[in-house]
Structure formats: structure tokens, C-alpha cells
Amino acid sequence: MGSVVCGSVSQVCVEKSLVFRSNTPYPTDTVAVPGGHDLFCVQLDDSKLNYFQQPQDIKESDFLTFLDKWARPSFVAPSQVQPSFSAFYRAGDPILVYFDSSSVLSTLRQPVKMGASGLCVDGNSAGFLDSKSTSCTRIFANLSKSCITDPALDAASYYRDFTVLKVPVNDTIVQSMKVRVTAVAPPGAPHMKDNMCKNVVSEVIYEIEFSSTHGIQSVSVRFKVSNFSGNSGSSLQQRFTLHFWTGTLSHVLPRSGNPGYIIGAPLLIANSGAMQHMSILQSEGDGSCSQFLRHTVQFGRNMRTGCKLGLSPIMEESNCSYIQQKLYKALQGMNRAEDVAITGSAHSTQAEEWTAILIQNCSVQAVNCTSCCMVPVTLEIQIVWTNVGLLSNPQAQILGARYFYRCHPLKFLSMSTVPLTTVVTFTDMTKWPEPPRGQPQIHWKLPFDIFYPFKVAYNLERSYKGDLFVYFLLILITFSILCF
């Protein structure tokens, strides 16, 4: 660092390349050095430099002169730089959509809340591989008008008139790069009836299938609608969920054991060869059944969940089969389980490593009720397992599984929600081998005479004393003979 004096201004300078960010409160400047590196200079504290100069009085005759000297364009057109995209989506990149009717390129939106009020901001772009849920609140000054004109309340605005691009493109958009959004059981358009806005979108769930080499493969959307009424200033809370999954899920699912299941590992199931984790109902914060989020069933751990599923306020007898299928689908999930893996390391291509799930549905006839619909309200998942192999390293494997539905008669025009329950139980049927014979026992043989040890010791002592006397006598005799 060096000091530079320019006229009456003192500065401290360093090479500009060394400064990443400046937060100094003092005035700064960049000095170009011919044949060298530019300098970043900070002006030292000087009372003469801390204040603006005294402005000059401007007279009417001088106004145009000063204006020509200091004036700058009031409006500058922004640079029209076209955004450039990479050849494939990266994690967090905005997902591009294309509107065919207007030839406009935009991004898929996932509204978020802003501020303490939590009002919806619709400009937030959904990020690639960013599976998450957001919620926000909308306030309506005129509900009867917004019900018909506000696109945020209409399910069609979330899938119609646009396509999702498989990968980002910088050139001409061809038909093979477009992926249409498929709506699952799309609801009708919102409309006013009896001072109530019907078919209002309260939840949007996007499911996006992607490939690591070919980008986005398919997009589907599900909706949760409700009927909404209120006066001026009434509010509605909406929820938006994005879920990304890969079509090669069977190849990326981690093992739940090798080979036997590990306690607490996810239970593996398959549907038409596609592996996934067994899951059961999960409730939202208000107690309603989530249309996407589900609890994963863990091996060896009994579970019980419950929630309320909303139905149409008006049900007719002709809708009984539709209601039954809706409840069955809610209990079993989007993809019905057909087989369960016998071991935690089962492969989808090995049929002998899977066993079929027994499914027992309810009787469709209600008992003693002519205007009822027999609907499933409880799903009991019963799993029987056992330990096999060495006692020192047992391996848990599944012997069989059953889906057992319990039904209840539902009267028409009487209920708008149905409470659903799911129960998971694991039954251990391990047959342990007979215990081996015990270790050999030492049988001590004691003499009948308890004083025997003492007698033996006494006899030995007496024998020793007698022998010692004989030896001493022989020594005396020998000594006497030699002396005489």
C-alpha cells in the first residue's frame, strides 16, 4: 500500500486486483497507471472533502447554459440482451415453458408468500430438482368478479395453453422438445352459485419425471378444489407443491438390507416392475388428507395414521362407485402395490425375490341401508416376517403381506368429509431352534470320612518323624564304631 498526493487530495492506493469489495465510508477512485496495474485509491479524511461545494446561483439567462452542460438523458432504453441457457437443466435452474398461441418463452411458476401478511407473489420461478411446497394467501376485493376472471383460481391456467421444455433451448423450439402438462381429473371452471364461488383451486401439485440424460420426460398436475364464500376483503390460502422423480427409480432406490431387511428401513414394493417404497396416508396441518405427501412404511415398526378426505357436498347414488374408487385410491396411494420384496436387496427383475400382496376389498352392498354407499374407511396392512440363516447373523425376510379394507356405510347427502385410517402391523413368526445341551458339569467325589484329609496329613507327619529317628540312630552307631 502506498500514499499518493494529487494536488490537495491525499489518497492511499493499492492494486485494484487486490480489492474484492469496498465498504469504506470515504470517497474512492480508480487511477489508471500506464504500463502497470490500475490503482484503487481511498481519499483520506479531509474536512474540505466531506461536504458538497456551495451551489452556484442560477439566473434565468444562465439556465439553458447549465442545462446543456449537466443534463443527461432522462429515459434510457434497457439493453435488449437475450438470455442464454445451458444445454441441460442444472439443479435450481428455472423450468422453461412455451406458450404456443403467443410464441412466448417463460418459466413455470410456483407462487410464494411475501411479508408478514403472506400474500402471494406469482413471479417466483420453480427450480429444477427443487421438490418443495409453498403456501400463500390471496385477498379478494370483489369475490364475484374474481371468481370468474382471476386465473389463479382456475385450474386450467396451471396446465392449459403452454408446454414444458425438456431442456433449455437457445434456438428454434421444435415440437420434440415440448412436454404437455397432463391434468389428473381436472376440475371444472370456477363459477358463482348461491353467493358461493365453486371449484376454487386451493392446492396445486406438479409431478415432474426427469431423466439424467434426456431432461424432463413428463409433467402431470393434480388439484384440490373447494367452495369459497365471503364478503369484500375475504382471503383464501393456496398451496403449491413440486415433486421431481426419475423414471429409473428402480435402479436408484437404496437397499433396505443385504440380504435381509434392517429394522427401520423402507419397505420395498413393486407395481408392474417399478420399485418404490410402501407408503400410507399423511395428514396436513388442518387434518385433511394430503394428496401427495405420504408416510413411508418402515420395516418392523407398527404405524397408525388418520386424516379426513373431502368429498363433493352433493353426492348421488350414481356416484357410489366413483366415491369407492376415490377412497380406495386415497388409501393405497397413486400407484397400487402389487408385490412386496421378500428381502431388502431384492431386484425388480428377479421374480423369486418378490411375493404378491393379498388384497381383500369390501363388499359393495350396504347392510340394512337402501340409500347408502359402502365405502372403505380403514386399511390394515398386515405383514408376516421371520428370521432365517445363522443364529449369529439372522436375516429378516417377509413371508407374506395383506391389504385388508374395512368398510362403513355412507349415507348420501349427509357427509362432506370421510375420516380415513391406516394401520400397519408386523408379525414375527420366527421359529427358533431347540436350545443345545448345556456344558459338561464337574462332579466332585468326596470321601465318606470327612476327617480323611487330616488323618492322611497326620500319618505322613508321623512317618516322617520315625524315619528321622532311624537315620539319627544310624549316624550315632557309625560314629561310635569309627571312634573306638
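Searching the whole structure turns up four disulfides, where a disulfide is a pair of cysteine sulfur atoms within 2.5 Å. This is a predicted model, so local features need pLDDT of at least 70 and side-chain atom pairs count only at pLDDT 80 or more, while totals for chains, interfaces and linings use all residues. Residues are numbered from 1 along each chain as its sequence is written, and side-chain values use heavy atoms, with hydrogens and water left out.

Start with Cys13 and Cys41, whose sulfur atoms sit 2.0 Å apart. Their link is right-handed, with 110° about the S-S bond. (Strands, E, at least two residues, and helices, H or I, at least four, are DSSP runs numbered from the N terminus.) Cys13 is buried at 5% relative accessible area, and Cys41 is buried at 0%; buried means under 20%, exposed over 50% and partly exposed in between, using a 1.4 Å probe and protein chains only.

Next comes Cys120 with Cys136, S to S 1.9 Å. This one is right-handed too, with 90° about the S-S bond. It runs from strand E8 (residues 119–121) to strand E9 (residues 132–140), so it ties together parts 16 residues apart in sequence.

Then look at Cys289 and Cys307, with sulfur atoms 1.9 Å apart. The S-S torsion is about 95°, so this disulfide is right-handed. Cys289 and Cys307 are both buried.

Now for the rings: there are 11 aromatic pairs in the whole structure. Rings of Phe, Tyr and Trp (its six-membered ring) pair if their centres lie within 6.5 Å; planes under 30 degrees apart count as stacked, over 60 as edge-to-face and the rest as tilted. Tyr159 and Phe223 make a tilted pair, 6.0 Å centre to centre with 50° between the planes. Tyr159 is in the loop between helix H2 (143–149) and strand E10 (163–165), and Phe223 is in strand E14 (residues 215–228), so the pair ties together parts 64 residues apart in sequence. Phe299 and Trp385, by contrast, are edge-to-face at 5.3 Å and 70°.

Finally, follow strand E5 (residues 96–99), which runs antiparallel to strand E6 (residues 104–107) and is joined to it by four bridges; strands pair if DSSP finds at least two bridges between them. Val97 faces Ser106 in E6. The two strands form a hairpin with four residues between them, and Ser103 in the turn has a positive phi of about 55°.
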